[in-house]
Amino acid sequence: MRIDKRTAGAAAFWTTAALTLAACGGGGGGGGTAGEASEDDKPAELTVAAWMDFPQELLDAFEEEHGIEVVVNSFPDGASAQTVLRNGLAADGAGLSDVHLVELDWWTEMMAVPEDWVELPEVEDRWVDWKVTQGSVDGRITGYGTDIGPLGIAFNQDMTSAAGVATDPESFGAFIGGEDATWESFLDAGREYVATNDNYFIDSLTNAFQAAINLLPAAFEDPESGAPYDLAENTEIKDLFMTFADAADDGVSAGIAIGHADWGAGFQNEQWATVVTPAWMTGIIADNADGIEGWRIASTFPEGGGNWGGSFFTVPATGENTGWAVKLADHLTTSDAAVAWFETTGQFPSQLEAMARPEISDTENEFYGGQRVGQIYGELAEAAGDAAAGGFRGENFAGIQTLVTDGIRLVESGGATPEDAWASVVENFEALGFETAE
Amino acid sequence: MSRWDIKLSPYLYISPFFVLFAVFGAFPLLFNVVVAAHDWHRRAGMGDFVGLDNFTWVLRQPLFWRSLENTFSIFLWGGIPQLVLALFIAAVLDQNLRARTFWRMSVLLPFVVMPVATAMIFGQVFGQFGLLVPNLQEMGLLTHVDSPFFQDRLLSHVAIGSMVVFRWTGYNALILLAAMQAVPRELYEASTVDGASRVRQFFSVTLPSIRPTMIFVVLTMTIGGLQVFDEARMYDGGGTGGGHGGADHQWTTVVLYLYDLGFGDWQDRLGQAAAVGWIFAVVIGFFSLVNFLLTRSISSSRGPRVRISKKTTDAVIARARAAAEESRRQAAATAEPPTATSGADDDAGAAGVPRADVTKEGARR
């Protein structure tokens, strides 16, 4: 009798628990299409998940127009926003905001199931073409572009002058190869620089290496099947790897990339003369190199240009107010919004009209000696062309890229010769046991 | 009603722990078995059943073995100094110090600092331009690489071990202190009478007496020390391209490796990550057992029976001496007038009782 009651009690408890859990998981609609944004179902507030500061006037304008308060769920960095989004998607939308900011670096991962996302209506001529390409999955637009990261090279003209190689942005451009600059000519310039200096030419070669990888149409994986290529047979990557690894072996770089604990101190100690700098990094360098004179942005970039990062506003399909959320995503990515953002955080717009605005192209940047940084990056973005959209990125792109980049870092830290580093990269790749594509 | 009260209430009172444990402890633990036996994609979830394939896959990874080596090395660099320091600090705090509570609380301070904050600060200190390295290199030390505490595998383990020491020493010292306070003071008195030095007392009285606590401390230290994650993850700042233990995986720990597999760049390796978790659980279990046996044998090197009987002997001798003293004193006291007896008794007590007794009274006060 007693046992019966206990069993019954336990059963009741677990049933309740299961129901509660099920209730948490429920809700939300089917994926794919947005709901109607009608006055009837207008919510009191919409939430946006992102990790940068919002221009207040942008949020106020939306509330004024539609009477919906916009609440920003702010994250300290992209990685934590990524974690929340990843967990939310796996849990049928639990804990997600109405609109989510997604960074290019983890875009592919989030888009693994396209039905998770609301298809956004096309907006003509708002963005550079390659931004729209990046923000689409199977021809459906699922992300409205915010910023892009056209690549430039920041260099310290006081240091290059002292080395006698370049005195201003023009002569620096010529020094790294001029109009036809390639990574080889850039790295040779680096060898020349370090031959006469006891500091380094560049902070780390990993960013340059990844920029070069990004230009390949299919770096690690077969676009048809999505299966990785056998790395040992991937001569394109091996050649690229050797090019950068040899330079690393020659001591061109300090081996301290952005994000490393020593990166800021490296600027203050004048350890390197150049940094591969996407537009969004200009402000970060200004903070870290505060008080160090002579930093400028060169308008020449090897291989014509490139892109690193940039983000999209997306609408998870599980949201309850997808119709209004789409309106908000649209509102947050207009050219006006982009200009407001440029003024708040310095991020560079992907919107064509915004790039041409005087607020962006004519603003003189005090840290970079009064250079019109916005204009320079606008030209770099234009010169970069469609190749900047990047090649095919499958499911294992990020993992293999980290693996290969670690090989460069290994040579930079003096831990191995280029040949040994490549051998260890291949060994680690093979241990992963992929079924590789031909 | 009251029957329900009697039967049900006790269970309700203890239920919060068991409910929480079931949800956050037992369920994930068991579910992990399911994950480890399947292909598991981070977004798409459960894939095919693969049996033990994930386990064999993990055992074939050079990075797994490297991370295992790193973990044990960091554990040794963090664990041994930690234990020695904690014992020393506890022994010092066990003495009659001024402002005792202040000292006891201060040793716990590092424990309330977030490990991530500790890691970032220590990362700066050990960095190429930090507090330590430029000065050392100026003296001609560690000049083999630019940034020795990051590039040299062993030194990176020392650095991360030092964070573990920083965080856990005070905590363990307090646990050991609590045990030391419970050691009967008579044992110290007796050994003092026998002429044992402080050091000898520490090794022959204190250490054997706190054996159960030592075992507890060593076990929790083993389990915790092998699970180092935050410190390794944030040591190099954890930014772009960082946070996974260095270019050569110099300081990738097993838990960090697990995290990278399941939640890092790869999207379909949750099954393998779960397998790492299970393999590592077995390793920790085995290693804890070894440490348990080791600790037990070390802190009772002379065998419990012998030790106790010797102490008993000591105590008996001490008591006999005290009794002899007492009778001599009383013989002297009988000569005095009866009114002064009580006062004389006190005086004699202060003067005649062995010194250890005074220490004891002081300690208890």
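Mentor: Here are the terms and the values behind them.

Mentor: This is a predicted model: local features need pLDDT of at least 70, side-chain atom pairs count only at pLDDT 80 or more, and totals for chains, interfaces and linings use all residues. Residues are numbered from 1 along each chain as its sequence is written, with chains lettered from A in the order in which they are written.

Trainee: What share of chain A counts as buried?

Mentor: 48% of the 438 residues. Buried requires 20 or more other C-beta atoms within 10 Å of the residue's own, with C-beta atoms placed from the backbone.

Trainee: What makes a nonpolar core, and which residues have the most contacts inside the largest?

Mentor: A core is a set of buried Ala, Val, Leu, Ile, Met, Phe, Trp, Tyr and Cys residues joined through C-beta atoms within 7 Å. The largest has 125 residues; Leu205(A), Phe244(A) and Leu328(A) are among those with the most contacts inside it.

Trainee: Why is this core said to lie between domain 1 and domain 2 of chain A?

Mentor: Domain 1 (45-148 + 309-361) and domain 2 (150-307 + 379-431) both give residues to this core, so it lies between them. The bounds come from an automatic or database domain assignment.

Trainee: How many residues form the contact between the chains?

Mentor: Chain A gives 31 and chain B gives 30. Two residues are in contact if their C-beta atoms, placed from the backbone, lie within 7 Å.

Technical notes. A residue is buried if 20 or more other C-beta atoms lie within 10 Å of its own, exposed if 12 or fewer, and partly exposed in between; C-beta atoms are placed from the backbone.
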